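Good morning, and thank you for the time.

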Amino acid sequence: MVKQTGKAVTLADVARRADTSTAVVSYVMNNGPRPVAPHTRERVLAAAAELNYRPNLIARAMRSRTTGVVGLILADASNPYFGALARHVEQALEKRDKLTLTGNAGFSTDRQKHLVERFLAAQVDGIIIVSADGGPDVAAHAQAAGVRAVYVHNRPESADAPVVAADNDTAVHEALNHLLHHGHSHVAFLTGTHDIGPVGHRRHAWESVAGAATPLLRCDYTRSAAAGLAQRLIAEGALPPAMITATDEQAIGVLAGVSAAGLSVPDQLALISLDGTPDSAYTAPALTVTEQPLQFMAEHAVDLLLNEALPQTAPHAPLVRRRSCGCTE
């Protein structure tokens, strides 16, 4: 085998090795636009492998006016919920031969805007925005530049870009009804320090059914904050018999705080979380959750990005019964 040295291998080099034209090599490498006989395709691919040929993606992008790259903005990459959602988005884009360029906003609206600017400068084919809270409609900036954008998990109230978010109202109702079925007449709700975005939707859904007289608790969306809250409630003799948490991170923190105080779940506290991340199945005890359909949400968001004629949808977040609510596995 003769190895190429010096400059990069070109289509012409592959064509000479395969004894065919550069046009045929191009058809093979780009899967069209014209068909190539199977034996010729095999010869071209073998020649490309021998020469270690790599297509010039920049040149291809200039010809097609697409880069094959989609920008993904995460609300917070360190949160397991957003990490799991990002993995599904990346897999869905990979199936469509798209490369994912991921940016972490760290719950900063300024960082979100900056990432949109950077992605537009990189000439991405589209942007998927996993937005946790309110803030400006950064998708509008992308759309003004002629780049399609889609929200997943949450969309600012002022935005009109497509969004894929789970049916939070039904999820809360199912969680509350399940605890009522276990005999708990008063169910506390643990929310965040503010009520915007999906957490705000979940709190409003809980209040519409549970009523304003039931306890509303607040803490940051961290395990340490929720563990501290649980320990303070126990010390004050104010731990409720049942609780719904807005996020898994808070639920895991509550489990840790209750355990550190020598109490147990579900004996002293029945608990349900409204996220359903993979971590929730491996806590002690395992968390009962309303499981956000992350794979469906990711795949539908990608479908909406690439096919604007598709309808938006709010998928169901089913109740997954485990030990923390009092169910026996």
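By class, Ala, Val, Leu, Ile, Met, Phe, Trp, Tyr, Cys and Pro count as nonpolar, Asp, Glu, Lys and Arg as charged, and the others, Gly among them, as polar. This is a predicted model, in which local features need pLDDT of at least 70 and side-chain atom pairs pLDDT 80 or more, while totals for chains, interfaces and linings use all residues. Residues are numbered from 1 along each chain as its sequence is written, and side-chain values use heavy atoms, without hydrogens and water.

A search of the whole structure returns 1 cavity of 30 Å³ or more; a cavity is a set of points on a 1 Å grid over the protein atoms alone where a 1.4 Å probe fits but cannot get out, and lining residues have an atom within 4 Å of a point. Of the 13 lining residues, Phe82, Ala132, His153, Val199 and Thr247 lie nearest the centre. The lining comprises 7 nonpolar, 3 polar and 3 charged residues. Its largest share, 3 residues, comes from α9, helices being DSSP runs of H or I with at least four residues, numbered from the N terminus.

Now to the packing. The largest nonpolar core has 28 residues, and among those touching the most other members are Leu72, Leu85 and Met297. Such a core joins buried (under 20% relative accessible area, 1.4 Å probe, protein chains only) Ala, Val, Leu, Ile, Met, Phe, Trp, Tyr and Cys residues through side-chain atoms within 4.5 Å. The largest share of this core, 8 residues, comes from α5.

Technical notes:
1 Å grid on protein atoms, 1.4 Å probe; cavity = no way out; pocket = protein on both sides within 12 Å on 5 of 7 lines; lining within 4 Å. Points joined across faces, edges and corners; volume = space filled by probe spheres on them. Helix = DSSP H or I, 4+ residues; strand = E, 2+ residues; numbered from the N terminus. Buried < 20%, exposed > 50% of the residue type's maximum accessible area, 1.4 Å probe, protein only.
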